[in-house]
Amino acid sequence: MQKKKSPPPRRSLSFDDVREIALSMPDVEEVTAYGMPAFKAGKTRFVGEPIPRHDVAPNSIGVPMSFDERARQLAARPDIYYLTEHFAPYPGVLVRLSSISRAELREILSAAWHYAMEHQTSARKPRSKPGARAARARP
């Protein structure tokens with residue numbers, strides 16, 4: 001009887017994997033946000049490496065999503081998705097790269113890309129009329 005070969009151990013993902021997948025998407029550029037590498041879809045950031053903090057797991061990324069979707073993901077997959085007090089007020093979640101496959105990373109980044117592209121117009125602040133600020137400032 002032959003022994004079954006076990007699959008080779010899965011290589012833990014890194015930010016290099018995030019970079020490769022993110023840059024393969026349309027209208028994406030690499031930027032720096034808060035001194036850390038990040039990626040923008042159009043004018044909206046859709047993934048980034050969080051600033052190292054005591055409550056952020058090493059080798060994590062932050063991605064935007066609605067508060068409702070975040071609640072669903074946190075309940076369904078707490079091994080992958082997590083949140084810290086610092087990030088709680090923002091529509092997004094932290095993801096442990098060590099807990100996901102490359103295919104799962106691609107799905108997560110794709111969803112974050114779509115979320116960012118759908119929110120392009122809300123990211124732009126409406127411009128006030130020229131001189132409106134000056135008129136309000138006068139006594």
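A residue is called buried when its relative accessible area is under 20%, exposed when over 50%, and partly exposed in between, with a 1.4 Å probe and protein chains only. The model is predicted, so local features need pLDDT of at least 70 and side-chain atom pairs count only at pLDDT 80 or more, while totals for chains, interfaces and linings use all residues. Residues are numbered from 1 along each chain as its sequence is written, and side-chain values use heavy atoms, leaving out hydrogens and water.

Buried residues account for 32% of the 139 residues in the protein. The protein contains 5 helices and 6 strands; helices (H or I, at least four residues) and strands (E, at least two) are DSSP runs numbered from the N terminus. Their order from the N terminus is α-β-β-β-β-α-β-β-α-α-α.

Both Phe15 and Phe39 are buried. Aromatic pairs require ring centres of Phe, Tyr or Trp (its six-membered ring) within 6.5 Å, and planes under 30 degrees apart count as stacked, over 60 as edge-to-face and the rest as tilted. The count by this rule is 1 aromatic pair. Phe15 and Phe39 form a stacked pair, with 5.8 Å centre to centre and 25 degrees between the planes. Because Phe15 lies in helix 1 (residues 15-23) and Phe39 in strand 2 (residues 36-41), the pair ties together parts 24 residues apart in sequence.

Strand 6 (residues 92-96) is largely enclosed by the rest of the structure, because 4 of its 5 residues are buried. Strands pair if DSSP finds at least two bridges between them. The pairings of strand 6 are as follows.

| Partner strand | Sense | Bridges |
|---|---|---|
| Strand 4 (residues 60-64) | antiparallel | 5 bridges |
| Strand 5 (residues 81-82) | antiparallel | 2 bridges |

Within strand 6, Val93 is the bridge partner of Val63, and Val95 is that of Tyr81.
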